[in-house]
Each structure stands twice: as structure tokens, then as C-alpha cells.
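Student: I would like to learn how to read a structure of this kind. Could we go through it feature by feature?

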Protein chains: 2
Amino acid sequence: MDEFELISRYFDRQQGASGVIVGIGDDGAVLAPSGDHDQIQVIDTLVSGVHFPADTNPADIAYRAVAVNLSDVAAMGGRPRWMTLALTVDDPNANWLESFASGLFVAADAHGVALVGGDTTRGPTVTVTVAMTAEVEPGNALLRSGARCGDAVFVTGTLGDAAAGLDLLQRNEENKFLTTRFLRPSARVATGQALSSLASAAIDVSDGLAGDLAKILQASGVGAEVDIEKLPLSLELCERFNAARRHSFALTGGDDYELCFTARADAVADIPGITEIGIVTESPQMQFRLHGDVVEVSDSGYRHF
Amino acid sequence: MDEFELISRYFDRQQGASGVIVGIGDDGAVLAPSGDHDQIQVIDTLVSGVHFPADTNPADIAYRAVAVNLSDVAAMGGRPRWMTLALTVDDPNANWLESFASGLFVAADAHGVALVGGDTTRGPTVTVTVAMTAEVEPGNALLRSGARCGDAVFVTGTLGDAAAGLDLLQRNEENKFLTTRFLRPSARVATGQALSSLASAAIDVSDGLAGDLAKILQASGVGAEVDIEKLPLSLELCERFNAARRHSFALTGGDDYELCFTARADAVADIPGITEIGIVTESPQMQFRLHGDVVEVSDSGYRHF
């Protein structure tokens with residue numbers, strides 16, 4: 001099967017989607033952006049054996065490739081609209097592609113994103129790049145740089161599940177909730193849009209809370225104090241791992257794709273599914289406290305001073 | 001060096017570019033599209049060992065990755081504005097990245113395209129994906145589907161040089177002109193923009209004239225007759241290869257990144273650097289003639305019936 005047959009059989013499903021003048025099948029897509037909006041563009045790549053185990057189900061690979069881009073869009077407060085796909089596969093057989101396309105469209109359809117173009121290539125390593133375009137009211141894009149002293153620090157959902165899920169996958173152990181949190185992360189798109197006019201700064205938690213919050217603080221020129229016991233943890237995580245492990249997953253584990261943001265606490269009182277975990281400080285340090293004591297957080301977890 | 005240092009050292013050069021509200025360094029780029037324009041989006045991937053020899057100079061790899069996207073934009077008649085880069089490298093050392101970035105910006109700066117974001121990942125195979133956004137007057141995007149019976153068929157520049165250059169590179173032979181035509185293709189962006197309101201259909205010649213013209217004809221529901229002796233060939237190609245080889249390179253060689261388009265001949269009389277090679281016919285066949293005789297073109301060249 002050549003590239004053109006592949007594309008039309010598995011990927012050309014969204015002609016007629018909103019704002020799509022010409023979709024898949026020409027040299028490029030032709031789109032009609034909304035008048036008087038800013039545009040957000042993101043791009044993310046997943047490489048087999050690096051970002052997911054080589055034996056991952058193709059549907060999960062595709063779902064995740066879309067979700068990590070949706071998560072970047074969410075962290076900017078955008079409404080996702082269109083995406084293009086660059087897919088490198090070693091052996092583009094029908095079963096693999098059908099599974100891949102099914103996961104891709106489950107993730108995209110959930111947020112109304114149309115696949116408008118792409119490039120399929122052969123190569124020795126499965127590599128999936130999605131480029132996504134979103135829109136936002138002029139001036140409302142959520143940046144990392146707006147955190148102010150006195151803002152509260154929040155996160156969405158629960159932290160640490162994805163890293164715990166990956167840990168289980170790598171040891172061939174089962175916990176459907178935790179492994180699904182790794183394989184099929186939920187991008188917080190609706191919450192990001194709701195926050196776009198309310199939060200002062202935001203980032204998505206892809207590298208781990210400690211590292212990603214540090215990027216907000218650095219970009220904003222401020223610090224923060226975070227209470228570890230306030231971190232929202234799932235019951236599944238707590239039942240499976242002891243306090244030290246679950247705190248380590250939550251602080252440094254990565255792959256959560258929750259949002260971490262700063263805001264005046266009263267401004268976001270009506271937003272569901274968020275947890276206040278700390279406060280922005282003038283002093284540019286990032287301090288984590290456990291039961292009142294300052295602890296040091298590193299890639300391998302945390303320790304008491 | 002971690003990803004953030006890499007990005008800022010080698011790629012974060014274009015803050016303040018036209019229409020860029022927030023460039024590299026946040027979760028996504030924030031852009032200001034021109035009001036009342038259609039937008040064109042393209043994406044293309046180059047894989048080491050598949051699309052370029054593994055020992056290709058990183059500057060040439062990057063130049064080419066930008067150029068193939070510019071060529072898609074040219075084929076749509078667009079004005080290129082912004083691009084994002086997904087770069088997978090096995091060993092991101094400073095020399096490699098510095099060379100890569102230099103080639104990238106040479107290609108981008110020549111057409112005023114700003115690099116507004118990206119993702120750098122580690123992986124075993126060097127893989128470069130560029131996603132590019134362009135703008136065009138509403139309704140003026142050049143599609144493959146508008147060719148009409150009686151239109152003339154044109155190409156820009158000369159054909160076959162790139163395939164001849166690749167052939168020489170693979171045999172370790174030299175001809176700077178021909179190898180440069182492969183390594184550093186010139187995307188016909190200005191010509192594409194000039195044609196956007198004049199041509200009836202267009203495509204860029206990436207897979208070879210015969211295959212790419214066939215796509216225009218299929219999308220338009222028409223046929224064409226092309227005179228092989230009218231194909232524009234460079235002096236360098238003619239001096240190095242006999243008639244059969246050069247015609248084969250020109251018809252099926254690929255990688256030219258010239259434009260093939262259809263138009264009323266009088267409508268494009270003032271466009272420089274184009275050659276009329278044939279005519280669009282009502283009968284849906286694609287016929288190639290050499291000295292008046294119909295010849296059959298296949299991947300391996302052509303033969304007389």
C-alpha cells in the first residue's frame with residue numbers, strides 16, 4: 001500500500017470540519033481562522049523506546065501523541081481546532097495503522113480537533129509528531145510568566161498516577177487506573193479555557209510538578225512554598241504505594257499532564273477539580289514543606305534537611 | 001546540556017518577528033494571524049538514511065527540512081510566516097546543533113519565516129519534522145484540482161538536477177551544481193505567490209514530474225500531453241548525462257521542488273522562469289511524447305511503445 005492509499009484509508013475522515021476549507025489530500029491544508037483571535041501553535045514528538053515502551057498498543061501511542069499536544073494547548077488556555085500528523089513507521093501494515101488511527105481520532109474527537117494534513121514516512125524507529133493549532137481571545141493566552149506574590153498555587157486532578165502507572169508497566173504489574181493514567185492522559189482543555197481569563201500563569205505537568213512549577217517561578221521572577229501533604233493523590237496511588245513513593249511520583253514523576261497554575265484564590269473559587277497546594281512568594285526560592293518541615297526535592301524524590 | 005539550554009542557545013533567535021506575540025519558551029507560541037486571510041498549514045518529515053544519506057552535513061539536513069515545507073507552501077501560493085520544529089537526535093552535541101541551526105536559519109530567513117516553537121527529543125534515528133504556516137488571500141490557495149481542458153502545463157526552473165545530484169553523491173562523484181540542487185533545493189515561494197491568482201492548479205515536484213503531474217490530473221479529472229523535448233534541463237545535467245538518463249531524472253527522479261502548474265498560457269506570460277511543457281486534455285490520460293512519438297514513462301524511465 002503506498003502513502004496515498006494509507007492516508008485516505010485511515011486518516012482522511014474529517015473533511016467538512018469547522019474552519020477547514022481544504023483538508024487532507026493537497027500540498028497543504030487551507031484553514032479559516034476565526035477573526036480577531038490570537039492563535040496558539042504547539043508541537044510534540046513521541047519516540048518509541050524513549051517516550052513509550054516499544055510494545056505499546058498503537059491506539060495508545062496515537063492517543064498519547066494527541067493528548068500531550070492538547071495538554072500544551074490547555075496550559076495556554078486555548079480552544080484546540082486543527083492538527084497535522086507526521087508519522088514515521090518501520091512497517092506500515094494495516095492492523096497497526098487501523099489501531100493507531102482509532103486512538104488518534106478518539107483523542108481528537110473528544111476535543112473537536114480536526115486532522116487536516118500530515119506526512120507518513122518509513123523509518124527504523126516509530127516516531128509520532130503532532131502539531132496543533134488553537135485559538136484564544138486576544139491577549140488571553142496563559143503564559144508561564146504572570147505569577148505574582150500572594151497568588152495561590154493550584155493543580156488540577158491528581159498527581160503521580162502516570163509515573164506510578166509507567167513503573168507498574170515496566171515491572172509487568174497491573175493496575176488499570178494507574179496504567180491508563182500513563183497511557184491515556186486526560187488533557188485539561190476545558191479547565192485551561194476557563195482559566196484563560198482568571199489565572200496569572202500556567203504550565204502543564206509533563207516533567208514533574210517540582211520541575212514544571214520551577215519554570216513558572218523562573219519565568220515570573222518569584223518563588224513559592226508548597227505543602228506536600230496538600231498534593232492531590234488518587235486513592236489508587238495511595239493504596240498501592242507508601243507515602244515516600246507516592247510523594248516522589250507526585251513531585252518528580254512526570255507524565256501527569258495536569259495543569260499547575262497560579263491565581264488569586266478567590267478568582268478561581270468556582271473552578272471544579274482543582275486543589276490549592278501552596279502560595280507564591282517574593283523570595284525566588286521554591287520550598288516544599290512536609291508537616292511544616294522544609295524538605296529538599298530532587299529527581300530521586302525528597303529528603304529532610 | 002539539557003533541552004532548555006539547547007533550545008535557547010541554538011534556536012531562540014527570532015523573538016520579535018512579525019506576528020509573533022510569544023515565541024519559543026512557553027508551552028506554545030502565540031501568534032497574530034492577519035485578518036481576512038486564509039491560512040495554509042503543511043508538515044514534512046525527513047528521516048536519516050531514508051530522505052538523506054546518514055552522513056549529510058547537519059546544515060544541509062536542516063536547510064532541506066525547511067525547503068521542502070517552503071515548497072509545499074509555494075505550491076499552495078502562500079506567503080510563509082511561521083514554523084515549528086520537532087527534532088529527534090541521537091547525540092545532541094554542540095557542533096551538530098550549531099551546524100543544524102545555521103542551515104535552518106539560512107533557509108528560513110531567506111523567506112522571512114520565524115521559528116516560533118519546537119520540541120527536541122532523543123532517539124536512535126535523526127528525524128526532522130517542520131510544520132509551517134502560511135497565509136493567502138481568501139479563496140486564492142492554489143489547489144491540485146482546478147486544471148481545465150486547454151490550459152497549458154508549465155514547470156518552474158529545471159528538472160532532474162536533484163535526482164542527478166543524489167546519484168552523484170551516492171557514487172561519491174562531484175558536481176557542485178547538481179549536488180547542491182539536491183541538498184539545498186530552492187523553494188519557488190515568490191513564483192507560487194505570483195501564480196496564486198493566475199494558475200488553475202499547482203503541485204510541487206517532489207516525487208518526479210510524471211507522478212506529481214498525475215496527481216493534478218487525477219484531482220482535476222482531466223488528462224495532459226507533455227512533450228519531453230520541452231522539459232527544461234540544466235546545462236550541467238546535459239553535460240554530465242546522456243539523453244535517456246537526463247530524461248529519466250527529469251520525468252521520475254524526484255526531489256526537484258520545482259512547481260508544476262496549469263494555467264491559461266496568456267495569463268502567465270509575464271511570470272519569469274517558467275517553461276511550457278504541454279497541454280491539458282479532456283481525455284483523462286497522461287501522454288508523454290518524444291519527437292512526436294508516444295512513450296511510456298515508468299519509475300525506471302521511459303520506453304517507446
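Student: How many bridges join strand β7 (residues 152-156) of chain A to β10(A), and in which sense do the two strands run, parallel or antiparallel?

Tutor: A word of caution before the answer: this is a predicted model. Strand β7 of chain A is joined to β10(A) by four bridges, and the two run antiparallel. One pair to look for is Phe154(A), which stands opposite Phe261(A) in β10(A).

Student: Which bridge partner does Asp204(A) have in β10(A)?

Tutor: The partner is Leu259(A). That pair belongs to the pairing of β8(A) with β10(A), where four bridges join antiparallel strands.

Student: Why is strand β10 (residues 259-263) of chain A described as largely enclosed?

Tutor: A residue counts as buried if 20 or more other C-beta atoms lie within 10 Å of its own. Five of the five residues of β10(A) are buried, so the rest of the structure largely encloses this strand. Look at its two faces in turn. On one side are Leu259(A), Phe261(A) and Ala263(A), on the other Cys260(A) and Thr262(A), and all of these are buried.

Student: Which strands pair with β9(A), and in what sense?

Tutor: Take each pairing separately. With strand β11 (residues 274-281) of chain A there are four bridges, and the strands run antiparallel. In that pairing Gly223(A) stands opposite Thr281(A). With strand β12 (residues 286-290) of chain A there are also four bridges, but these strands run parallel. There, Asp227(A) has Arg289(A) as its bridge partner.

Student: What span should the twelve residues of α7(B) have?

Tutor: At 1.5 Å a residue they should span 16 Å, and the end C-alpha atoms are 16 Å apart, which agrees. Just after the helix, Gly221(B) takes a positive phi of about 70 degrees. The check can be repeated on helix α3 (residues 94-109) of chain B: its 16 residues should span 22 Å, and its end C-alpha atoms are 22 Å apart. Among the buried residues of α3(B) are Leu97(B), Phe100(B) and Leu104(B).

Student: Is Pro232(B) buried or partly exposed?

Tutor: Pro232(B) has 19 C-beta neighbours inside 10 Å and therefore counts as partly exposed. Its place is in the loop between β9 and α8 (235-240) of chain B. Beyond its neighbours within four places in sequence, Pro232(B) is in contact with Val155(B), Gly157(B), Thr158(B), Leu159(B) and Thr275(B).

Student: And what of Val130(B)? How many C-beta neighbours does Val130(B) have inside 10 Å?

Tutor: The count is 34, so Val130(B) is classed as buried. This residue is found in strand β6 (residues 127-136) of chain B. Its contacts, not counting residues up to four places away in sequence, include Asp44(B), Ala65(B) and Met83(B). Distance along the chain is another matter: Val130(B) and Gly150(B) are 20 residues apart in sequence and 37 Å apart in space, C-alpha to C-alpha.

Student: How many residues does the contact between the chains take from each?

Tutor: It takes 46 residues from chain A and 46 residues from chain B. On the side of chain A that touches chain B, β3(A) gives the most, with nine residues. The residues of that side divide into 23 nonpolar, 14 polar and nine charged.

Student: Which strands pair across the two chains?

Tutor: One such pairing is that of β2(A) with strand β3 (residues 38-47) of chain B, antiparallel over three bridges. Within it, Val30(A) stands opposite Ile40(B).

Definitions and conventions: Residues numbered from 1 in each chain as written. Chains lettered and ligands numbered in written order. Predicted model: local features only at pLDDT ≥ 70, side-chain atom pairs only at ≥ 80, totals over all residues. Expected span 1.5 Å × (residues − 1). Pairing = 2+ DSSP bridges. Contact = placed C-beta atoms within 7 Å. Nonpolar A, V, L, I, M, F, W, Y, C, P; charged D, E, K, R; others polar. Buried ≥ 20, exposed ≤ 12 C-beta atoms within 10 Å, placed from the backbone.
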